[in-house]
Amino acid sequence: MVLTLHGGNRSIQKLRSFHHKSKKMFDIPGKNFLSGILKNDGEDSPLETQQEVGSAIFAVEKSPVSKFPESAAEARSASPKERHPPSDMDMMKEKFGKLLLGEDMSGGGKGVSSALALSNAITNLAASIFGEIHKLEPMAPDRRTRWKKEIDWLLSVTDHIVEFVPSKQTSKDGTNMEVMVTRQRKDLLMNIPALKKLDAMLIETLDNFGSENKEFWYAKKNSNDSDNESSQSRQDDKWWHPVAKVPPNGLSESCRRWLQSQKDSVNQVLKAAMAINAQVLSEMEIPESYIESLPKNGRASLGESIYKNITVEYFDPEQFLSTMDLSAEHKVLDLKDRIEASSVIWKRKMHQKDSRSTWGSAVSLEKRELFEERAETILLIIKQRFPGISQSQLDISKIQFNKDVGQSILESYSRILETLAYTVLSRIEDVLYADAQAQKSSKSSSSGESEEEGEKLNASGSPTTKTLLDFMGWNIDAANFPKDQECYCKGENDTMMVKPNTTPKKGTYLERLENCMSGTRSPSGRH
């Protein structure tokens, strides 16, 4: 009604005043568009102008605009993949922050010791990088880079574990004097470079198994290959591992020699890592909690039967182990725990470090020393025969309660290299075992074909060689005479004599191959 009484110009003025009053309410983009409409001197009718203004306001209200700056809005809308990854400095701060807290993120001081935190960090890093190696193949570049970077971070702690050593210095006036300088601790100075070298050798060995150097491949357990059963027999307990496959006639001679050289190299790495780990564990102090859990004497720890076998006058460690049940890993580990406990008891009694009067002295000091040496020999053989066995109770207690940071780093680093070397060695033996099975099957198939050809020739009516009995017409049944005996007659009135055959029986090639393989075959992988 106001628009019709006062005309178009006055209505436009009222709309302008209304827009001015509501400027703060509708402070949105698009006001230039509205002002362009209101500045129209208007040949249009006032009603059309009001409808255009309302539609423009409604259109702008439907699309609200963020009040944040454009850069912040773009950063919030960016996906997590487009964000920058954390830098190496941030990752290092996070890792060493957790180590300082002792794996206690609450900060309440209930974390583990620094030595155990570093040991767990190295073990967890190796598990995340290597995992359980199922195939012989090179490492991925990102995993290799992460391993080298983060293991160097954790090993950098050893650079600050030092000891004072005397050193000679010459002053400006030419006077020689002896001062004390710092140097990295001796055990770390010797073992850390050696372990780094072993680490590089293992990674180089994995890199050698590229696709261009391999004559073998891997197939899943549930594949329908004809020779899958023979490949599964070596590692039935590891059903999730892929099966190593070789050509039907086996590997070439050059590839077989190359695999054997790689196996020898990894075996040397395994022995070196085992020696360093055993040396570090032997230098760790035995916790008091473990000592308190021991029985009162070695006989109670070993049991009556094992104690008698160890304390006999003439002792043979190989014969002793042959009488033990070592068919399962838990049985081997139980025997190892018993022998280690008895060895600790005998050592403490020899050095008179125990104050409990209940431990009597029924056994002389010389016999205790002899029994302790026999126990150490058995433990060494078990370690060499079962390199992939789990840690014993004594080793776990030493690692858990150890306070020396340097020893913890050496023990954990050598342990993961030992596990990695054993796993790679087991995968190489899987391929060699598949090659031996393929050669065995090809030999048996070729011998079977030759026998079939001979039967076909005899069945076709080809002339056969006649014996003297056939020529004379004597029908003597050969079944009456043993095959390994020789019969001969001296005359008509002489009795028949039977002469035993003393020629040694020669084994076939397959039997000799089986005997060689059964003697040199390594135990199945436990990783």
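Q: Which residues are buried in helix 6 of this predicted model?
A: Ala 115, Leu 116, Ala 117, Leu 118, Ser 119, Ala 121, Ile 122, Leu 125, Ala 126 and Ile 129 are buried there.

Q: What makes these residues of helix 6 count as "buried"?
A: The word is used for a relative accessible area under 20%. The residues listed for helix 6 carry that label, so each of them falls under the cut-off.

Q: How do you know that the span of helix 6 is close to the expected one?
A: Let's set the two values side by side. Helix 6 has 16 residues, and at 1.5 Å a residue the expected span is 22 Å. From its first C-alpha to its last, helix 6 reaches 23 Å, which is close to that value.

Q: Why is Thr 205 called buried?
A: Thr 205 has 5% relative accessibility, and buried means under 20%, so Thr 205 counts as buried. Its place is in helix 8.

Q: Which residues does Thr 205 touch, leaving out those up to four places away in sequence?
A: Thr 205 touches Gln 262, Val 266 and Val 424. These count as contacts because heavy atoms lie within 4.5 Å.

Q: Which residues touch the most other members of the largest nonpolar core?
A: Trp 147, Phe 216 and Leu 259 do, in a core of 58 residues. Helix 6 and helix 8 are among the helices that each supply at least two residues of this core, while helix 18 gives the most, with 15 residues.

Terms used: Residues are numbered from 1 along each chain as its sequence is written. This is a predicted model: local features need pLDDT of at least 70, side-chain atom pairs count only at pLDDT 80 or more; totals for chains, interfaces and linings use all residues. Side-chain values use heavy atoms; hydrogens and water are left out. A nonpolar core is a set of buried Ala, Val, Leu, Ile, Met, Phe, Trp, Tyr and Cys residues joined through side-chain atoms within 4.5 Å. Buried means under 20% relative accessible area, exposed over 50%, partly exposed in between (1.4 Å probe, protein chains only). Helices (H or I, at least four residues) and strands (E, at least two) are DSSP runs, numbered from the N terminus. The expected span of a helix is 1.5 Å times one less than its number of residues.
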